[in-house]
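Here is a short briefing for a first look at this structure. Keep the sequence and the 3D view open as you read.

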Amino acid sequence: MSTPNGAPTEPAVADAEFGSADNLVELEHLTKRFQVRQGVFARGKSEVHAVEDVSLTVRRGETLGIVGESGCGKSTTARLILRLLDPTSGAIRFEGQDISRLSQRQLRPLRREMQMIFQDPYSSLNPRKTVGQIVGSPFVIHGERRAKTRVQELLETVGLSPEHYNRYPHEFSGGQRQRIGVARALALSPKLIICDEPVSALDVSIQAQVLNLLRNLQRDFNLTYVFISHDLSVIRQIADRIAVMYLGHVVELGESESIYESPKHPYTAALLSAVPRATTGHRERIMLTGDVPSPIAPPPACIFHTRCPRFHQGHCDVDAPPLRELEPGHAAACHYPLEKWPMTDDEIRQAEGALRADKPSLEGATQEA
Amino acid sequence: MTQDSRLLLDVRDLTVRFPTSDGVVQAVSNVSFTLSRGETLGVVGESGSGKSVSNLAIMGLLNRNRANIAGEVEFNGRDLLTLPPNELRHIRGKDIAMVFQDPFACLHPMYRVGDQIAEAVLAHSNEGKDHARKRAVEMLGHVGIPNAKARARDYPHQYSGGMRQRAMIAMALVHNPSILIADEPTTALDVTVQAQILELIEEVKREFDIGVILVTHDLGVVAETANSVMVMYAGRVMEYGPAAQIFAQPQHPYAWGLLDSMPTIERRLSSLVPIEGSPPSLLNPPTGCPFHPRCVYQFAPCATERPPLVAPVPEAHPDACHLPWEKKVELGAKRAVAAIVGEDAA
């Protein structure tokens, strides 16, 4: 197992209680790069840095929310946890067992422990199978009998009627279809459910129904969720802890309340301030300029420095900030974390009490102005 | 006709029906509203509430062979619904412009962005190609595309989602329209980009003194940008009034339901209050109030009598609900209290 170039070798902080029995999932220095071909006749080869050096834990019974904009690596992280993708380097541990190098055959017994709920309830259900077949398929795959009564119980659990057993997906509305997806995920009593944008395709009134259902199921069945969403309001409603991702990196990690009430990373602050609110009243908004850089050639050092309002030349573009604990249970990867929240635009720019690294390593020319 | 010189658009009783082999889809029923210069009208509703179809009808973009459209859409003293197609073509894209949801589908992938905008210029002007190109570059710069002259020669795939939406707004603005209809302009975009685009639309509105119709399902977007709000459900207007009033004192149970079921970024609620059930089929919508099957407050007349869209008392804004005014005030106050209790619990 090789460490990717430039990845910090120090142990991951904040979430470093690796090995604790409380942890259901542990990710350590997890990296995933995709090979792509570019140029005329696809001669040039390069790599998409989808997930870079992600270290975090998912504790039993909690909901870990992963937020970020499109292309930040949140779905790739989820797929890595489920081993639907093979990691480039790093470790994935499920209940203490390293599963990052297991073969598909060796993984099969573990598959029943971890399930997934998908974003689009229209494309994630086979239109030619009945609800009974869809929800019952996990039983068939894992060779269990007496599926029908179990399926009918499951349908009731998610708020559908057992009579729906012989119906087809097109007979259901979006919210009901998502309930079918939830029932399928619950079938084998998994320990971990990965919810990949499960309410993004639903209207608000229906979204609330599904969020409440997920929360009740968690309480009743002691489930652990990894909940992926780009919607910060939804994440606030459901997550206990949050990982904020940007360009494949976790830039902030901590208790949900702490992150929403006092974000430390300028990117998190910009995200929070960009969300439109239904309550009236003016507030400061941190406008980010430009677009997210390409993950094929991510910026050196701090990946956010090209858009950061607190950018310090000669520091942020030279030294990569490690993810470090700033308050108990709250870590951020930033040299100049926010002192308070909310802040005005000017206050954001005047970063003073900078957590300067011991050695302001200025060697090596800056690559991007 | 009203004497208000700032009035741009007066829509009265707009009704759209689609005859299909399964029956008649009652997509939009008796929608009336006005739009003035400097106003942003937010049209909110869930999927299938008729918010997009009403705008397509106004733009004359529905196939009249497939859709039955009734009512009046008055613009500059003329009814757009009765104009012959070639006259409507002079207005559409020139005086009334539209920005769609998906900036990925709206630009032709094989033509340069600048040329596509220049084509929009030429569609309504007799100037030469050089002038059109210059105008395209000028507009791209105007909507915040850096280095516009060079970027105009790019193909759409070289633009990010936010830049494509900026290019679409540039294209919509080339003829200084007086109305900009934006149909879910930020739904396909990330929040930080969404913030930029909403800001841009606001700037454009102020600078050119135009009226904007902003169609969205996101109440947060409406609260931040709109001056007036129209809440639609099952093809009908449920509530229509100034944005500040609608968010401070919503009057219709559907609006309450929407607001209560929406998770907020400001705090964690002890639980969300969903609207039970799902929206009705427009093939045979419920009799009476279209919301009554899902309404917790429904009583005798709701199932049979359709409530008109009227202001219950002079100081209130129009809503379509049978509940007596005192009851609405009482329930509205209870909602406010519940919100505060929820805050304490969280």
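**The sheet in chain B**

Chain B holds an open sheet of six strands, in the order β6-β7-β8-β3-β9-β10, with mixed pairing. Its edge strands are β6 (96–99) and β10 (236–242) of chain B, and each of these pairs on one side only. From one strand to the next, the twist averages 15 degrees. The model is predicted.

Strand pairing and packing:

- Strands β3 (residues 40–44) and β9 (residues 228–233) of chain B run parallel, and four bridges join them.
- Take B:G42 as an example: its bridge partner in β9(B) is B:V229.
- Strands of a sheet pair through backbone hydrogen bonds, either parallel or antiparallel.
- Helix α6 (residues 161–173) of chain B packs on the sheet. This helix touches β6 and β7 (179–183) of chain B. The direction of α6 makes about 170 degrees with that of β6(B).

**Positive phi in chain B**

- B:D13 has phi near 55 degrees, a positive value in a residue other than glycine.
- B:D13 sits in strand β1 (residues 7–20) of chain B.
- Is B:D13 buried or exposed? B:D13 has 11 other C-beta atoms within 10 Å. A residue counts as exposed at 12 or fewer, so B:D13 is exposed.
- B:N76 also is not a glycine, and its phi is positive at about 55 degrees.
- B:N76 lies in a loop, between β4 (68–75) and β5 (78–79) of chain B.
- B:N76 is exposed because 11 other C-beta atoms lie within 10 Å, and the limit is 12 or fewer.

**A cis peptide bond in chain A**

- The peptide bond joining A:W341 and A:P342 is cis, with omega about 0 degrees.
- Where does A:P342 lie? A:P342 is in the loop between β12 (330–332) and α10 (345–349) of chain A.

- Helix α5 of chain A covers residues 174–186, which is 13 residues.
- What span should α5(A) have? At 1.5 Å a residue, the helix should span 18 Å. The expected span is 1.5 Å times one less than the number of residues.
- The end C-alpha atoms of α5(A) are 19 Å apart, which agrees.
- In α5(A), 13 of the 13 residues are buried, so the helix is largely enclosed by the rest of the structure. Buried here means 20 or more other C-beta atoms within 10 Å.
- An α-helix has 3.6 residues a turn, so residues three or four places apart point the same way.

Technical notes. Residues numbered from 1 in each chain as written. Chains lettered and ligands numbered in written order. Predicted model: local features only at pLDDT ≥ 70, side-chain atom pairs only at ≥ 80, totals over all residues. Pairing = 2+ DSSP bridges. Helix = DSSP H or I, 4+ residues; strand = E, 2+ residues; numbered from the N terminus. Axes fitted to C-alpha atoms, helices over the stretch in contact; angles between N-to-C directions. Contact = placed C-beta atoms within 7 Å.
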